[in-house]
Amino acid sequence: MTSPSTGSREQLPAPAKIRLRHLQLAKQKGTPFSMLTSYDQFSARLFEQAGIEVLLVGDSVGSTVLGHDSTTATTHQDMLTFTGAVARSVTRPLVVADMAFGTYETGPTDALRHGVELIRAGAEAVKLEGGRTVAAQIRALVDAGIPVVGHLGFTPQSVNALSGHRVQGRDDDGAERLLADALAVQEAGASALVLELVPAALAARITEQLQIPTIGIGAGAQCDGQVLVWQDMAGLSGFQGKFVKVFADVGTQLREAAEQYRAEVAERTYPAAEHSFE
């Protein structure tokens, strides 16, 4: 297998529909793939046109769209609504939906019920946080035919237990726990694993040892794929975390457009004759 950072990268075929097997093939070929969050038809269609392989309907919608200060406020109904909006808007990207806080921690039965509802809403895989403690939930979902993406490192739904947004696995004990959890998630049947706020060397080690693809966010360049919250990537949120690169200044452009609109309304230059009916 060619490492994502060294050697030649083979071009993967461009399938009409991205499936989990294409992410596995990307790992085998050493070809990194991209994931972005999406919560609505406009961003979903634009990202599809851009060639983004995976769209994550993240529980981050609670803080990026709904005004909450934590993903723990995002409800299952929120996830069903926004998952449906994205799934109805695209055909090619793989659509992954987060399981909301409280929908799977209590055990496999709750996890399966809520997972089924997300699949019915249009998700093609579900994502949940945790390692060995949620192995039974992952197995129940996979046994029912629901693909699962795991999530380790900093897990936003556990922000209170983790005492804030902190890098995980910096000491030897923490690193070994993360690796053990990653292997447990894989053993339980997960198809991929998100690594968030993990030292780059540890993420590379986990990626090397796992057979399933890893997807990094603040976890270095050696993961098999990368994910960002789209409002961070586009400069709309104003969040400037160390791991975030702003690829466009959409926030400034949108504000300037609104300022120009307001000015032209105030000056009665909009609507002009060409915008009016006789």
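1. Let's start with strand S5, residues 148-153, which is mostly covered: six of its six residues are buried (buried is under 20% relative accessible area, exposed over 50%, partly exposed in between, with a 1.4 Å probe and protein chains only). Val148, Gly150 and Leu152 point one way from S5, while Val149, His151 and Gly153 point the other way. Strands here are DSSP runs of E with at least two residues, helices are runs of H or I with at least four, and both are numbered from the N terminus.

2. A word on what you're looking at: this is a predicted model, where local features need pLDDT of at least 70 and side-chain atom pairs count only at pLDDT 80 or more, while totals for chains, interfaces and linings use all residues. Residues are numbered from 1 along each chain as its sequence is written, and side-chain values use heavy atoms, with hydrogens and water left out.

3. Now the overall sheet. Eight strands form a closed barrel with parallel pairing, in the order S1-S2-S3-S4-S5-S6-S7-S8. On average, neighbouring strands of this sheet are turned by 25° against each other, direction ignored. Two strands count as paired if DSSP finds at least two bridges between them.

4. Some of those pairings, up close. S1 (residues 33-37) and S2 run parallel and share three bridges, with Thr37 opposite Leu56 in S2. S4 and S5 pair in the parallel sense over two bridges, and here Lys127 stands opposite Val149. S7 (residues 214-217) and S8 (residues 225-228) are also parallel and joined by two bridges; Gly216 has Gln226 in S8 as its bridge partner.

5. S2, residues 54-57, is another strand covered on both faces. Val54 and Leu56 are buried on one side, and Leu55 and Val57 are buried on the other.

6. What does helix H5 pack against? One partner is helix H6 (residues 135-143), with the two axes 8 Å apart and an angle of about 45°. Axes are lines fitted to C-alpha atoms, for helices over the stretch in contact, and angles run from 0 to 180 degrees between N-to-C directions. H5 and H6 are therefore oblique to each other (under 35 degrees counts as roughly parallel, over 145 as roughly antiparallel, 65 to 115 as roughly perpendicular, and the rest as oblique). Pro108, Ala111, Leu112 and Gly115 in H5 meet Ala136, Gln137, Ala140 and Leu141 in H6, contact meaning heavy atoms within 4.5 Å. That contact divides into six nonpolar, two polar and no charged residues (Ala, Val, Leu, Ile, Met, Phe, Trp, Tyr, Cys and Pro are nonpolar, Asp, Glu, Lys and Arg charged, and the others, Gly among them, polar).

7. Next, H7 (residues 172-188) and H8 (residues 200-209). Their axes come within 10 Å and cross at roughly 30°, which makes H7 roughly parallel to H8. On the H7 side, Ala175, Glu176, Leu178, Leu179 and Ala182 meet Leu202, Arg205, Ile206 and Gln209 of H8. By class, this contact has six nonpolar, one polar and two charged residues.

8. Finally, Phe247, in the loop between helix H9 (230-233) and helix H10 (250-266). Buried or exposed? Phe247 is exposed, with a relative accessible area of 52%. Leaving aside residues up to four places away in sequence, Phe247 touches Leu228 and Met233. Its C-alpha atom is 7.1 Å from that of Gly235, twelve residues away along the chain.
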